[in-house]
Amino acid sequence: MNAAGRIARLVVTGQSPFVLLLRLEDIRWLTGFTGSTAQLLVDCSSHESFLFVDGRYVERAEHELALAHCDAEIILVESGESIEKKMADIVGSAGIVVDPSHLTAAHMSALLEQMAVSVETTQMNNLRRIKDDAEVSLIALSASIADSAMSALVADGLLGRTERQIRNRLDHLMREGGADDVAFETIVATGPNGARPHHEPSDDVVEEGHGVVIDFGAMVNGYKSDMTRTIRVGTPSREYARMFDVVIEAQAAGVAAVRAGIVGSEIDAAVRVVFEREGVEHEYVHGTGHGIGLYIHEQPILSPRCTAVLGINEVVTVEPGLYRKGVGGVRIEDLVVVTGDSCRILTQTSKDLTCPRSPRTI
């Protein structure tokens with residue numbers, strides 16, 4: 001990871017030039033540090049930066065910051081020392097700026113005892129939207145690992161397995177295939193359970209005629225992938241088959257709309273027009289997609305309210321779905337990178353999956 005120049009992209013926007021960053025993913029992106037405890041103070045006027053760590057992480061910070069070409073000063077916080085007091089010694093009367101959604105009331109109180117604190121929304125959400133080529137490569141690798149895991153899972157067969165067994169097998173396959181971890185808690189929802197978009201895997205068994213919604217991703221070096229496929233087991237009902245076909249059409253329309261310069265709400269609208277034509281828009285209960293990177297859900301959020309304009313090298317999901325109580329759900333999700341007047345799909349698993357294995361199966 002090369003973080004050189006990233007801290008310099010932070011600008012003075014508030015009453016103080018000093019910004020306190022607390023989310024570990026933001027700290028990792030700015031410095032390369034991957035430890036589980038740290039705080040980063042940045043002077044946005046001079047671009048000096050100070051990484052506060054305890055004794056467990058000093059050597060690790062020195063190593064990782066050097067690899068990332070980050071020249072932040074590493075400050076050791078000894079046991080019993082006040083990190084807030086150390087910060088106050090640096091910022092003086094200037095105080096700090098912090099995003100209030102990134103800390104607890106107790107932490108805010110401790111800061112206020114030592115220095116002036118002003119609040120504003122973080123700059124980091126927008127700064128991390130455009131990925132560099134190395135970031136895109138890591139996300140693509142994560143997606144490739146997930147593709148391979150899904151291929152092996154379908155080849156094994158799903159009929160007669162529980163949702164938990166399928167989840168456990170898929171997570172194992174991703175780790176065995178090179179993932180550092182799963183990107184998020186894997187969703188497996190069979191039959192009527194598919195009507196719940198974020199169903200938690202249970203001991204319910206996959207049966208003949210079920211549609212199985214599987215939403216999952218891999219993580220490599222902190223970067224995540226996200227894919228959903230709906231697998232038809234045996235022969236589904238005519239009603240469910242029509243739901244599937246409509247989602248396939250809507251998802252293709254959403255992917256076709258992704259390009260540099262488009263407003264996020266327009267991608268969402270491209271999906272919804274298909275559902276509205278079929279009279280099933282009320283069964284589409286979430287937005288069309290989101291950015292992804294070190295977080296599984298990053299900006300932009302592709303919904304009817306999204307005003308963000310997509311740029312080249314943004315990575316977003318396109319994931320429409322229909323959810324019908326008593327019948328089940330269908331969701332199809334791809335991960336795409338904006339390339340200019342179109343996009344490149346990073347998730348390569350076939351959308352037309354059936355199981356047990358057939359000539360149409362990956």
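1. Asp 334 is buried, at 0% relative accessibility (buried means under 20% relative accessible area, exposed over 50%, partly exposed in between, with a 1.4 Å probe and protein chains only). This is a predicted model, in which local features need pLDDT of at least 70, side-chain atom pairs count only at pLDDT 80 or more, and totals for chains, interfaces and linings use all residues. Residues are numbered from 1 along each chain as its sequence is written, and side-chain values use heavy atoms, leaving out hydrogens and water.

2. The partner of Asp 334 is Lys 351. They form a salt bridge, with the closest N and O atoms 2.7 Å apart (a side-chain nitrogen of Lys or Arg within 4 Å of a carboxyl oxygen of Asp or Glu). Asp 334 sits in strand 18 (residues 334–338) and Lys 351 in the loop between strand 19 (343–345) and strand 20 (354–355), so the bridge ties together parts 17 residues apart in sequence. Strands are DSSP runs of E, at least two residues; helices are runs of H or I, at least four; both are numbered from the N terminus. Lys 351 is partly exposed, at 23%.

3. Glu 278 and Arg 242 also form a salt bridge, at 3.0 Å between the closest N and O atoms. Glu 278 is in helix 9 (residues 264–278) and Arg 242 in helix 8 (residues 238–257), 36 residues apart. Glu 278 is partly exposed at 30%. Arg 242 is partly exposed at 42%.

4. The whole structure holds 24 salt bridges. Another of them joins Arg 169 to Asp 156, 3.0 Å from N to O.
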